[in-house]
2 protein chains.
Amino acid sequence: MIKNKKNYHHGDLREQLLEAVRQLIESHGPDGFSIAEACRAAGVSTAAPYRHFRDREDILKGVILSAMTRMGSAMQEAADAHPPGNPERIVALGHAYVGFARREPGVFALMFGQAGQHSDDPQLAEEGEGKFAIVLRVVADHLGRAMDDPEVTARAYALWCAVHGHCFLVLDGKTDETKIDIDEDAYLRLVGSAFLPPR
Amino acid sequence: MIKNKKNYHHGDLREQLLEAVRQLIESHGPDGFSIAEACRAAGVSTAAPYRHFRDREDILKGVILSAMTRMGSAMQEAADAHPPGNPERIVALGHAYVGFARREPGVFALMFGQAGQHSDDPQLAEEGEGKFAIVLRVVADHLGRAMDDPEVTARAYALWCAVHGHCFLVLDGKTDETKIDIDEDAYLRLVGSAFLPPR
DNA sequence: AAATAAAGTTAGCGCCGCTAACTTGAATCG
DNA sequence: CGATTCAAGTTAGCGGCGCTAACTTTATTT
């Protein structure tokens, strides 16, 4: 009994709703969407989503989860583009992180901007730790130490903070034109060398 | 004709509503509040707020604005606690910033977590630039350079990012117990010395 | 004291999240 | 293969919310 959802009434409504919500979030902001609007986009009644999701929160969790894996893949890919120990690896990782935030600003804000609203979900927590593990790996390789070395943890965390904070400031428009004007590549190289001296 | 709002029907409903909303945001999250609930808390009808605010967004703007000045004061106070050039100044500034985020996590998320939803408001933008100016001032003093020196801008921005990002990770619960476990003071000293070497 | 204007009220519209009860149709099975 | 089952749709409706219109109350102005 393999459930092939394409053979049911609508097709894969679940995925289509997630995609519709994702698009609405990108065009109207993280809270500027409604389930009803997503239903209209998917061409179903407003009661249909509740066959696939518990409630609104559950839908958002679905959107976040798929975004997490997309972001994780982008980061892993960036890390794999350079050999371990190469400083370019850290820069590339930063670009991947910021790139995702720029590409999907609404979803990025949803993932991280809600004051830990979803931090209690084990599935999301696991995905999050997976992404930090990529940073840990790269930093550990760079320093030639173990991933659980306190020095590695501290520097990886600092790197994460610096890039993460930059993303929010970018999305908030603080870096636009007249305001601060930051060269992103230069910034990422600065934080990379600040926390991981070539030595 | 001095408008003393205390002499009207309710008193200063405007301020009481802002306070009620602030508390609701802290207890139920940035989007977990409703105007109706704030009205109940203030003991007025649900139509009353519209004598003082254009709409929901305008109320939020009011909450954010008062929070901005509170945060700015805390930062200024921290900076003033140490003489210019003293590295403790930067650490204190960081503690003030993170302290505010910890004290008012909901409002902090509201201020910065909405993907630049309020970045187009000139009043808010001005307050935001004022806070960055404090950081610029401290960094310029430390390096003995002008506030508009590119080196100062770059390092001040990096500091801001590192602290800002840390706040979000804290609020998202990434630093809790089993997860990452960061010594905040050590972290702030690390980023301080990383971007502002004693030289 | 009357007029004015500020700041409340009630009533109500339309949208939304969500549920209950019903219907449809694909997969399973005697 | 026809009957059965059950996943996945539907419509109808409740209560809450944001917001507006129209009315009422009360402080200030003249």
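**Entry 1: a lysine at the interface**

I take buried to mean under 20% relative accessible area, exposed over 50% and partly exposed in between, with a 1.4 Å probe and protein chains only. I work on a predicted model, in which local features need pLDDT of at least 70 and side-chain atom pairs count only at pLDDT 80 or more, while totals for chains, interfaces and linings use all residues. Residues are numbered from 1 along each chain as its sequence is written, chains are lettered from A and ligands numbered from 1 in the order in which they are written, and side-chain values use heavy atoms, with hydrogens and water left out.

I looked up B:Lys174, which sits in the loop between helix H7 (150–171) and helix H8 (184–195) of chain B; helices are DSSP runs of H or I of at least four residues, numbered from the N terminus. B:Lys174 is buried but has no salt bridge, a term I keep for a side-chain nitrogen of Lys or Arg within 4 Å of a carboxyl oxygen of Asp or Glu. The nearest side chain of opposite charge is that of B:Asp172, 4.9 Å away, where Lys and Arg count as positive, Asp and Glu as negative, and His and the chain ends are not counted. Leaving aside neighbours within four places in sequence, I find B:Lys174 in contact with A:Phe112, A:Trp160, B:Leu169, B:Lys179 and B:Ile180, contact being heavy atoms within 4.5 Å.

**Entry 2: chain A against chain B**

I then turned to the whole interface, where 38 residues of chain A are in contact with 38 residues of chain B. The two chains bury about 3400 Å² between them, 68% of it on carbon and sulfur atoms; buried area is the accessible area (1.4 Å probe) that two parts lose on being put together, summed over both. In chain A, the residues that lose the most area to chain B are A:Tyr157, A:Leu169 and A:Asp172, together 18% of what that side buries. Across this interface the rule finds zero salt bridges. On the side of chain A that touches chain B, the largest share, 14 residues, comes from H7(A).

**Entry 3: salt bridges**

I count 26 salt bridges over all chains, and I looked at several of them.

- A:Asp58 and A:Arg54 meet in a salt bridge at 3.7 Å, N to O; A:Asp58 is buried at 16% relative accessible area, whereas A:Arg54 is exposed at 64%.
- A:Asp149 pairs with A:Arg145, the closest N and O atoms being 3.3 Å apart; A:Asp149 is buried at 18% and A:Arg145 partly exposed at 42%.
- B:Glu151 pairs with B:Arg155 at 2.9 Å between the closest N and O atoms, and both lie in helix H7 of chain B, four residues apart, about one turn of the helix.

I also recorded a network of salt bridges that links A:Glu19, A:Arg22, A:Arg70 and A:Glu104.

Key:
Helices (H or I, at least four residues) and strands (E, at least two) are DSSP runs, numbered from the N terminus.
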